[in-house]
Amino acid sequence: MTASPSPPPPAVTLDRPAARAGLGIMLRVAAMACLAGLFALVKVASERGVPLFEVLFFRNAFAFVPLAIYIQRTSGFGVLRTTRPGAHVTRALIGLTGMIGGFMAVSHLPLTEATALSFSAPLFMTALSAPLLKEPVGRHRWAAVAVGFVGVLIMIRPDPAHMASIGVVFALIGAVGSAGAMITIRQISATEPGPRIVFYFTLAGALAGLCSLPFGWVMPDPQTFALLVVMGLLGGVGQMLLTEAIRVAPVSVVAPFDYTQLVWASLIAFFVWDELPRPYTLIGAGVVAASGLYILYRETVRRRQRLS
């Protein structure tokens, strides 16, 4: 799973030096480590009885720390001025649906299984881009989507009891929400730069979490409070690393390394919960990853054909 997807940065040429590509890969891998740590802390907070929307508040409120530093050092705070508040509200509603679904999934499923199911987001994005963005989706990508959903079925197993489990349902809601958020970002990114989109999404998440205050928060003990703060910082740092990775290197180079999040999640799950990934999870995740990489490859080919 992924926190809210990174907005597309300015176009990057494909002839960057290998050193820049290597830096982009390292940033992307580090971002995946941050996101794996974020979702592990969400799971810990849930086990400690912290309500979901309180977790949502801390995740976004403390993400403002690295986000503010990043904006100040790059574009400056003037970038936050917008004439499209409605577009940001729509993006936030869809993105928060995905984030809440992902948080609920890690609360009810093993960390590796919830992470692996989040990899279905690119499949949903490809399927939804045809009706929503009017983008042509050729037979190669439709075939990859179909194969990817077979991988999802392998992970959730053809067992009605497991397929209907609340964790699986929320994981798929999270993936659809993430896909919808990326589609919305594509629609507004022509006029709205990345830092502005991230800022208003983070603000919306903090406000949504804060609005739940009258409906039951718990006062966290000092250790839990520290974990919640670290969770928010990891979310903000991870978001900035994602953005920087695709600023310095082509998406086609760095995006395949998103799947390293499963490696980080598996390591955390083993050392914290003594969990090992289930064979079905690994097999299904492999199928989904392969289909996602093929979709990325086909999109890269189409982009090069349009530019040639």
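Trainee: Why is Asp 221 called partly exposed?

Mentor: The relative accessible area of Asp 221 is 37%. Buried means under 20% relative accessible area, exposed means over 50%, and partly exposed lies in between, with a 1.4 Å probe and protein chains only. The value of 37% therefore makes Asp 221 partly exposed. This is a predicted model, in which local features need pLDDT of at least 70 and side-chain atom pairs count only at pLDDT 80 or more, whereas totals for chains, interfaces and linings use all residues. Residues are numbered from 1 along each chain as its sequence is written, and side-chain values use heavy atoms, with hydrogens and water left out.

Trainee: What makes Arg 48 and Asp 221 a salt bridge?

Mentor: A salt bridge is a side-chain nitrogen of Lys or Arg within 4 Å of a carboxyl oxygen of Asp or Glu. For Arg 48 and Asp 221 the N to O distance is 4.0 Å, and the pair is counted as a salt bridge. Arg 48 lies in the loop between α1 and α2 (52-61) and Asp 221 in the loop between α10 and α11, so the pair ties together parts that are 173 residues apart in sequence. Helices here are DSSP runs (H or I, at least four residues), numbered from the N terminus. Arg 48, at 37% relative accessibility, counts as partly exposed.

Trainee: How many salt bridges are counted by this rule?

Mentor: The count comes to 4 salt bridges. One of them joins Asp 258 and Arg 28, whose closest N and O atoms are 2.6 Å apart. Asp 258 is in the loop between α12 (251-254) and α13, while Arg 28 is in helix α1 (residues 18-47), so this pair ties together parts 230 residues apart in sequence. Both Asp 258 and Arg 28 are buried.

Trainee: What makes Glu 113 and Arg 278 a salt bridge?

Mentor: The closest N and O atoms of Glu 113 and Arg 278 are 2.6 Å apart, and the two residues form a salt bridge. Because Glu 113 belongs to helix α5 and Arg 278 to the loop between α13 and α14, the pair ties together parts that are 165 residues apart in sequence. Glu 113 has a relative accessible area of 1% and is therefore buried. Arg 278 has 36% and so counts as partly exposed.

Trainee: Why is helix α5 described as largely enclosed by the rest of the structure?

Mentor: In helix α5 (residues 111-118), 8 of the 8 residues are buried, so the helix is largely enclosed by the rest of the structure. Among these buried residues are Leu 111, Glu 113 and Leu 117.

Trainee: Are Ala 45 and Ile 188 buried or exposed?

Mentor: Ala 45, in helix α1, has a relative accessible area of 4% and is therefore buried. Ile 188, in helix α9 (residues 166-188), also has a value of 4%, so Ile 188 is buried. Between C-alpha atoms, Ala 45 and Val 55 are 7.3 Å apart in space and 10 residues apart in sequence.

Trainee: Why is Asp 274 called exposed?

Mentor: The relative accessible area of Asp 274 is 61%, so Asp 274 is exposed. Asp 274 is placed in the loop between α13 and α14 (279-307). Its phi is near 60 degrees, a positive value in a residue other than glycine.

Methods:
Helix = DSSP H or I, 4+ residues; strand = E, 2+ residues; numbered from the N terminus.
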